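Open your viewer and have the selection tool ready.

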Amino acid sequence: MIYNIYFDEANKIDQPGKVNSYYGAYGGSEQTMTDITKTIQNMYEELGTKSELHFREYNHDQHLKKYFKVLNYIINQDVNINILIVNNTEAYSIATQLNLTMMELRNLFYIKIPERLFYGVTRHLHGQVDVNIKIDRNDEYNAIGLHSKIKEQMNAHSVYRSKRYKIASVESEESHKSIPLQIIDTFMGIVVFLMEQTYMGDSNTTLIKSDLVYRFLSEGSNVDRFINQIKLYSWNGSENLSELSVGNYVSQFMVHKIRYDVSEMAKLQAIMLRNPDLRAKEYRELMEYPNTLTRMLLGYKDEVEGRGRNFSLLQ
């Protein structure tokens with residue numbers, strides 16, 4: 001069996017104004033990853049899109065259907081996602097105590113954090129397994145020899161714990177050429193969005209992201225699968241990691257989003273009762289929504305009319 005793991009990070013330990021930094025690993029069998037990539041490429045062809053998948057850059061709902069379909073498909077596949085959250089304040093405190101620069105500290109974390117993440121993804125593997133690790137291309141990783149160090153440490157872990165997997169390769173990939181790297185980037189972006197409660201803002205970009213996340217999580221059993229397939233671990237300066245429940249962050253988001261949506265749909269319903277035959281564009285203008293929120297408006301309209309929020313996305 002061949003098993004592939006994809007690694008990415010969000011924020012950096014020394015990035016100003018960031019409370020936490022995030023490191024994610026996304027794993028699945030090579031066959032699963034191949035099937036996922038082919039299926040998503042077919043989705044892109046059907047939707048006539050070639051743009052990459054990055055949650056950070058999702059700021060216009062013209063790509064809502066693309067993101068929704070990909071997320072809805074991925075969460076229903078046999079994959080594992082582990083995310084490690086590092087408390088940047090604690091990291092800075094330790095760096096100060098040890099008289100390390102933040103760059104020196106980052107180099108140490110770059111070696112230890114991926115190792116912990118990858119072990120978390122591989123520990124369920126049984127039998128003889130060759131593991132390939134794919135890392136988003138980054139000059140910093142090359143400078144510290146991250147690839148060879150991870151391979152050596154992970155193989156040592158396998159021997160020490162009497163596992164039978166072997167790290168066959170650790171290689172860099174360009175994210176624009178790797179759908180799996182784009183997937184871990186997007187899921188990590190959603191987790192950061194939920195944990196940091198960015199959805200509490202009222203900017204158009206925040207509303208657009210919130211609409212996508214709500215539609216994705218509210219579909220079928222996606223909430224349960226999201227909670228079960230994404231494992232969160234937190235480092236706060238101690239040797240042992242703390243496991244966090246992503247469900248707590250999901251619940252807080254869903255409560256906030258439902259409350260907001262009920263209020264907005266009540267406004268829309270009142271407008272529709274007074275003006276039953278307007279075009280969607282006219283309803284959007286009466287709701288004072290910009291063009292970037294067109295599909296959010298259409299989702300509200302579908303729900304008000306009894307078709308369900310994701311009616312147009314499932315066609």
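Start by selecting Ile-230, which sits in strand E6 (residues 230-235); helices (H or I, at least four residues) and strands (E, at least two) are DSSP runs, numbered from the N terminus. This is a predicted model, where local features need pLDDT of at least 70, side-chain atom pairs count only at pLDDT 80 or more, and totals for chains, interfaces and linings use all residues. Residues are numbered from 1 along each chain as its sequence is written, and side-chain values use heavy atoms, with hydrogens and water left out.

Is Ile-230 buried or exposed? Its relative accessible area is 2%, so Ile-230 is buried (under 20% relative accessible area; exposed is over 50%, partly exposed in between; 1.4 Å probe, protein chains only). Now show its contacts (heavy atoms within 4.5 Å): beyond four places in sequence, Ile-230 touches Ile-81, Ile-83, Phe-187, Val-191 and Val-246.

Next, select Phe-226. Leaving aside neighbours within four places in sequence, its contacts include Ile-75, Phe-187, Leu-194, Phe-216 and Val-250. Zoom out to the largest nonpolar core, of 64 residues, where Tyr-26, Phe-187 and Phe-226 have the most contacts. Such a core is a set of buried Ala, Val, Leu, Ile, Met, Phe, Trp, Tyr and Cys residues joined through side-chain atoms within 4.5 Å. Helix H7 (residues 179-195) gives the largest share of this core, 12 residues.

Last stop: strand E4 (residues 129-136), with seven of its eight residues buried. E4 pairs (at least two DSSP bridges) in parallel with E1 (residues 2-10) over six bridges, and Phe-7 stands opposite Ile-135.
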